[in-house]
Amino acid sequence: MEGKVIFIGAGPGDPELLTVKGQNALKNADIIIYAGSLVNKEVLSVAKKTAEIYNSASMNLDEILEIMDTRTKQGKIIARVHTGDPAIYGAIGEQIEFLRHNNINFEIIPGVSSLFATAAALESELTLPEVSQTVIITRPEGRTPKPESESIKGLAKHNATMCIFLGIQMIENVVSDLLTHYPKDTPVAVVKKASWKDQLIVKGTLEDIASRVKEAGIEKTAIIVVGNVLNPGDITPSKLYDAEFTHEYREGRKNK
């Protein structure tokens, strides 16, 4: 029997936000390699008793790939469990490259991103008419380099909704870069561990968010959301449900 690697987006933390498809894959997996520093271990409660479970937080890439290579050759099904959705800062590109090069079957099951759990925690829509119709997902440059054209300073000129991963430890620098183009009274929210039982929300503006985050003691596992969608005032309704608006499925009143 031919083995397979299944990448599973485990969701943002709440085990109930694991998809049904992801849960079914976990139930059937012979081997589970999960990102233990971020994935809620409760997600693994559906695993069968005979499953071998590895925490990739203490492993390097070569060790992970070695398991994938040897065990799929034995016909085993491997669940590679990443936090949120693996397409965003999931470090799956190099794993996929290896699997393709070695003709190992694989599949990707998407998950609920921590970004969307963050928006839910903030009770916010990230794309509001006449406020922002663009969401920029980015991170500051750290040990992982990024193209100069994608600097936060450069992206800030759009004044769009910006969602910043992996930047909470350098929030002063992030704020400084954002202030290049955003006004200092622009609303900002920081959500730590969105959807977890110990979720924490800190709100402010670009003028005071850094000090508020320091006071709250947030140092990791948080997303920074910037933009007027967080405090839009009176909202302009979408045309989608406007009684006067005609579209494919409904004729507007003014056309009757």
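Tutor: The description below begins with the sheet and then turns to its helices.

This is a predicted model, in which local features need pLDDT of at least 70 and side-chain atom pairs count only at pLDDT 80 or more, whereas totals for chains, interfaces and linings use all residues. Residues are numbered from 1 along each chain as its sequence is written, and side-chain values use heavy atoms, with hydrogens and water left out.

The open sheet consists of 5 strands in the order β6-β7-β10-β8-β9, and its pairing is mixed. Strands are DSSP runs of E with at least two residues, helices are runs of H or I with at least four, and both are numbered from the N terminus; two strands pair if DSSP finds at least two bridges between them. At the edges stand β6 (135–138) and β9 (200–205), each of which pairs on one side only. From one strand to the next, the twist averages 15 degrees. Within the sheet, β8 (residues 187–192) and β10 (residues 222–226) are antiparallel partners over 5 bridges, and V188 stands opposite V226 in β10.

Helix α4 (residues 114–121) lies across β6, β7 (161–164), β8, β9 and β10, and runs at about 65 degrees to β10. Such angles run from 0 to 180 degrees between N-to-C directions, and axes are lines fitted to C-alpha atoms, for helices over the stretch in contact. Helix α7 (residues 209–216) also packs on the sheet, where it touches β8 and β9, and its direction makes about 155 degrees with that of β9. Contact here means heavy atoms within 4.5 Å.

Helix α7 has a further partner in helix α6 (residues 171–178): the two pack at an angle of about 165 degrees, with their axes 9 Å apart. α6 is therefore roughly antiparallel to α7, a term for angles over 145 degrees, while those under 35 count as roughly parallel, 65 to 115 as roughly perpendicular and the rest as oblique. The crossing of α6 and α7 is right-handed, meaning that the near helix is turned clockwise from the far one by less than a right angle. In this contact, I171, E172 and V175 of α6 meet I209, A210, V213 and K214 of α7. By class, the contact of α6 with α7 comprises 5 nonpolar, no polar and 2 charged residues; Ala, Val, Leu, Ile, Met, Phe, Trp, Tyr, Cys and Pro count as nonpolar, Asp, Glu, Lys and Arg as charged, and the others, Gly among them, as polar.
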